Amino acid sequence: MSEERYGEFVRVRRHEDGHVAELVLDRPKAMNAVSIGMARSVVAASAALGEDRDVRVVVVTSSSERAFCVGADLKERNSFTDADMLRQRPVSRGAYTGVLELPVPTVAAVHGFALGGGFELALSCDVIVADRTAVVGLPEVSVGVIPGGGGTQLLPRRVGAARAAELIFSARRVEAAEAHELGLVDRLVDAGRDREEALALAARIAGNSPVGLRAAKRALRLGHGLDLRAGLEVEDAAWHTVAFSADRAEGVAAFNEKRKPDWPGE
């Protein structure tokens with residue numbers, strides 16, 4: 001396993017011959033509150049991972065025992081002028097879109113608090129694995145703002161418009177069991193096992209065709225919200241990118257030869 005640091009508060013670990021990358025939120029003393037410095041690091045790490053063709057899955061984890069991420073650093077924000085807020089908005093927004101736009105499957109490993117921007121980072125992932133200590137929510141209206149890291153758009157896509165409205169308008173925190181029941185998280189695991197289970201899922205995903213994974217994610221993301229006919233056109237376009245690929249040829253050959261595929265990744 002190798003490790004790189006992006007600024008003071010983000011690390012990237014590489015597992016499984018580099019095919020599984022772990023983006024570690026590493027500001028434990030502040031429960032990973034997202035400062036501008038931390039946001040810049042998430043942007044940089046996400047950009048590097050997105051360009052790395054060896055990476056097949058990204059897992060977002062936390063080094064804090066108490067939290068995945070508690071959202072924006074409100075102590076830092078308290079000192080901002082209006083001009084500061086406007087100037088820093090593209091940086092903070094870029095952290096969330098950086099994770100959201102990763103071209104490979106992404107898994108969030110959540111324990112403890114995942115609130116506001118912290119929950120939005122998890123929502124930016126394709127799958128959320130949470131342990132039984134998890135507490136999630138979008139409480140921004142309770143401090144006079146709105147979810148600004150994608151929450152108003154990502155949450156209703158998960159749970160429907162009315163349920164998202166209730167959760168956002170009430171600003172309430174949701175504990176793990178209810179979060180799983182409502183579909184706010186996808187897998188519920190025993191306390192302390194979120195990272196382990198997320199990495200195990202990532203390893204299983206990473207065993208599949210990298211060309212197929214990227215194309216499937218693209219079809220899922222681009223087709224969501226379209227009418228069925230338009231969505232099927234998106235799927236067909238993605239199919240054409242894999243149908244004549246070396247990965248497709250290797251996958252079919254490996255199946256017929258009853259062996260594990262050795263993916264060319266092209």
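Visitor: How do the residues lining the largest pocket divide into nonpolar, polar and charged?
Guide: The model is predicted. In the lining of the largest pocket, 13 residues are nonpolar, seven are polar and nine are charged.
Visitor: Which residues lie nearest its centre?
Guide: Gly71, Ala72, Asp73, Leu74 and Arg77 do, out of 29 lining residues. The volume of the largest pocket is about 890 Å³.
Visitor: And which helix gives the most to that lining?
Guide: H3, with five residues. Helix H2 (74–77), H3 and helix H4 (117–123) each supply at least two.
Visitor: What about the second largest pocket, what volume does it have?
Guide: About 710 Å³. It is lined by 25 residues, and closest to its centre are Leu100, Asp126, Lys217, Leu220 and Arg221.
Visitor: Where does the largest share of that lining come from?
Guide: From H9, which provides eight residues. Strand E6 (106–110) and helix H5 (151–159) each supply at least two. By type, the lining of the second largest pocket has 14 nonpolar, two polar and nine charged residues.
Visitor: Back to H3. At what angle do H1 and H3 pack?
Guide: Helix H1 (residues 36–51) and helix H3 (residues 82–100) pack at about 40 degrees, with axes 8 Å apart. They are therefore oblique to each other, and their crossing is left-handed.
Visitor: Which residues make the contact?
Guide: H1 uses Ile36, Ala39, Arg40, Val42, Val43 and Ser46, while H3 uses Gln88, Val91, Ser92, Gly94, Ala95, Gly98 and Val99. Seven of the contact residues are nonpolar, five are polar and one is charged.

Terms used:
Residues are numbered from 1 along each chain as its sequence is written. This is a predicted model: local features need pLDDT of at least 70, side-chain atom pairs count only at pLDDT 80 or more; totals for chains, interfaces and linings use all residues. Side-chain values use heavy atoms; hydrogens and water are left out. Axes are lines fitted to C-alpha atoms, for helices over the stretch in contact, and angles run from 0 to 180 degrees between N-to-C directions. Helices (H or I, at least four residues) and strands (E, at least two) are DSSP runs, numbered from the N terminus. Angles under 35 degrees count as roughly parallel, over 145 as roughly antiparallel, 65 to 115 as roughly perpendicular and the rest as oblique. A crossing is left-handed if the near helix is turned anticlockwise from the far one by less than a right angle, and right-handed if clockwise. Contact means heavy atoms within 4.5 Å. Ala, Val, Leu, Ile, Met, Phe, Trp, Tyr, Cys and Pro count as nonpolar, Asp, Glu, Lys and Arg as charged, and the others, Gly among them, as polar. On a 1 Å grid over the protein atoms alone, a cavity is a set of points where a 1.4 Å probe fits but cannot get out, and a pocket is an open set with protein on both sides within 12 Å along at least five of seven lines; lining residues have an atom within 4 Å of a point. Grid points are joined across faces, edges and corners, and a volume is the space filled by probe spheres set on the points.
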